[in-house]
Amino acid sequence: MKYILLILGITVMTTNTNAQKLNPEKIAKYEIILDDVMEIIGRDLVKYKLKEVEKDYQDHPTEINKVRLGLIYHEVALNLTFFYKTKEFSGYAQKSFDILTELQNNKNTTPELLLFVETYKASALSLVSGETRKLKQLGKAFDLFKDAINKYANLSPRPEFMRGSVAENLSWLLWKKKKFAKIDFQSIIEKQENNKNYAGFRLLSFTYWGWARAYKSKKYRKQAIIYLEKAIKIDPEYKAGRKRAEELRDEYLFNKKNEMKID
């Protein structure tokens, strides 16, 4: 048993060490290259990007275009299958998962890209679970998230953000997993406070909104409104969470007024 634990310990140390060897500048570069196929707002834009990315991959089947394809399939599954229940786009979560699995299993995949590949693979599997209604797949998705967070969270907010985003959309019946929304959004905010370059404005805007959504009780209302105001301020052109943050802020302020009247 001691030998097994020792081997496991060495494996974890090796994994974490390999992650720490990643080039932060390359990760930042890929964040820019992949930005237009992550956190897309609007059904029409998702459909437009789907055609664009598929054509790019068909014409130039490069590594980066394959990653972009896996990510746009994830966004299609999230926006058009999960949120809007568009039947013609069912199956895209599985397509995303399969492509990202191929990339992860390829020994030649650029190490810095694995951060995005492994994170979105976990999220894609959670969307597959939403289509199949198989909780075992959701459990596996959270195992994949945990692995990605252990390896990459110190280098990027992406793994915690994606797990938190999945967690906040779960039913309260799955409270053991839903709690990760609070944990992950809080963790990102704390890391951002220690390093102002940790997260980009788009992801940070969604994070502040996600935190306010996760901490709904009156106990956290004041802090939630502060974070919602931050989400609004850093997104002047409505490219991230501003619209949702404004709606939630107005809802909280309206409830606050009514609570004061009752008191």
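Helices α5 and α6 are roughly antiparallel to each other (an angle over 145 degrees) because their axes cross at roughly 150 degrees. The model is a predicted one, in which local features need pLDDT of at least 70 and side-chain atom pairs count only at pLDDT 80 or more, while totals for chains, interfaces and linings use all residues. Residues are numbered from 1 along each chain as its sequence is written, and side-chain values use heavy atoms, with hydrogens and water left out.

**Two helix pairs**

Helices are DSSP runs of H or I with at least four residues, numbered from the N terminus. Axes are lines fitted to C-alpha atoms over the stretch in contact, and angles run from 0 to 180 degrees between N-to-C directions.

| Pair | Axes come within | Crossing angle |
|---|---|---|
| α5 (residues 92-105) and α6 | 8 Å | roughly 150 degrees |
| α2 (residues 24-34) and α4 (residues 63-83) | 11 Å | roughly 60 degrees |

α5 passes α6 in a left-handed crossing, that is, the near helix is turned anticlockwise from the far one by less than a right angle. In contact (heavy atoms within 4.5 Å), the α5 residues include Y92, F97, L100 and L103, and those of α6 include L114, V117, Y120 and L127. The contact of α5 with α6 comprises 12 nonpolar, 4 polar and 3 charged residues. In this classification, Ala, Val, Leu, Ile, Met, Phe, Trp, Tyr, Cys and Pro count as nonpolar, Asp, Glu, Lys and Arg as charged, and the others, Gly among them, as polar.

Y30, I33 and L34 of α2 make the contact with I64, V67, R68 and L71 of α4. By class, this contact has 6 nonpolar, no polar and 1 charged residues.

**The core**

A nonpolar core is a set of buried Ala, Val, Leu, Ile, Met, Phe, Trp, Tyr and Cys residues joined through side-chain atoms within 4.5 Å; buried means under 20% relative accessible area with a 1.4 Å probe, protein chains only. The largest such core has 73 residues, of which L34, L71 and I72 touch the most other members. Helix α6 (residues 111-132) gives the most to this core, with 11 residues. Leaving aside residues up to four places away in sequence, L71 touches L34, V37, M38, L100 and Y120.

**The whole chain**

The chain has 13 helices and 0 strands. Of its 263 residues, 46% are buried. Among contacts between residues at least 6 apart in sequence, 63% join residues at least 24 apart.

Definitions and conventions:
Buried means under 20% relative accessible area, exposed over 50%, partly exposed in between (1.4 Å probe, protein chains only). Angles under 35 degrees count as roughly parallel, over 145 as roughly antiparallel, 65 to 115 as roughly perpendicular and the rest as oblique.
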